[in-house]
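The sequence and the model follow.

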Amino acid sequence: MFYIIFDLLMSVIMLLSGIWFYRSDGKAAKFLSGYNMKPEDERKKHDEKSMCQAYGKRILLMALPFAVGIIIDIQYPGTGCLLAWVIWFVMFILLLMERHKRER
């Protein structure tokens with residue numbers, strides 16, 4: 001039962017933060033690591049609204065492994081949670097790689 005609640009909590013956190021980023025009209029850009037440390041003139045070159053919408057969509061997608069993990073944990077306790085974290089970690093690494101490539 002713990003794994004189901006944990007997966008549900010993680011899914012809700014990802015879902016709410018993704019919606020918040022998507023609907024922030026660019027105000028959530030200050031929470032993107034590295035971006036908030038850039039000089040003001042360099043930040044003005046970026047469209048913060050579209051950047052926040054893109055990150056919001058990505059965070060919403062990162063909620064899916066935990067939602068699927070709930071379903072798996074009903075039948076196989078712990079397996080869905082572990083699988084959700086592995087998939088989430090891979091998605092996070094891919095996000096970091098894409099961001100690094102884009103900033104070059």
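## Salt bridges

Aspartate 25 and lysine 49 form a salt bridge, with their closest N and O atoms 3.8 Å apart; the term is used here for a side-chain nitrogen of Lys or Arg within 4 Å of a carboxyl oxygen of Asp or Glu. This pair links distant parts of the chain, since aspartate 25 lies in the loop between α1 (2–22) and α2 (40–43), whereas lysine 49 belongs to helix α3 (residues 48–61), 24 residues apart. Helices (H or I, at least four residues) are DSSP runs, numbered from the N terminus. Aspartate 25 is partly exposed at a relative accessible area of 49%, and lysine 49 is partly exposed as well, at 42%; buried means under 20% relative accessible area, exposed over 50%, and partly exposed in between, with a 1.4 Å probe and protein chains only.

A search of the whole structure finds 2 salt bridges. Arginine 58 forms one with glutamate 98, where the closest N and O atoms are 2.9 Å apart. Here too the pair links distant parts of the chain, with arginine 58 in helix α3 and glutamate 98 in helix α5 (residues 79–103), 40 residues apart. Arginine 58 counts as partly exposed at 22% relative accessibility, and glutamate 98 counts as partly exposed at 32%.

## Basis of the model

This is a predicted model, in which local features need pLDDT of at least 70 and side-chain atom pairs count only at pLDDT 80 or more, while totals for chains, interfaces and linings use all residues. Residues are numbered from 1 along each chain as its sequence is written, and side-chain values use heavy atoms, with hydrogens and water left out.

## Helix α1

The 21 residues of α1 should span 30 Å at 1.5 Å a residue, and the end C-alpha atoms are 30 Å apart, which agrees; the expected span is 1.5 Å times one less than the number of residues.

Within α1, the residues Asp7, Met10, Ser11, Met14, Gly18 and Phe21 are buried. Seen down the helix axis, the buried residues of α1 fall within an arc of 100 degrees, so they line one face of the helix, the arc being that of the directions from the helix axis to the C-beta atoms. The face of α1 turned away from this buried side carries the exposed residues Phe2, Leu9 and Leu16.

## Cysteines

How many disulfides does the structure hold? It holds 0 disulfides, a disulfide being counted as a pair of cysteine sulfur atoms within 2.5 Å. Cysteine 52 counts as buried at 0% relative accessibility, and cysteine 81 counts as buried at 8%.

Key. Helix = DSSP H or I, 4+ residues; strand = E, 2+ residues; numbered from the N terminus.
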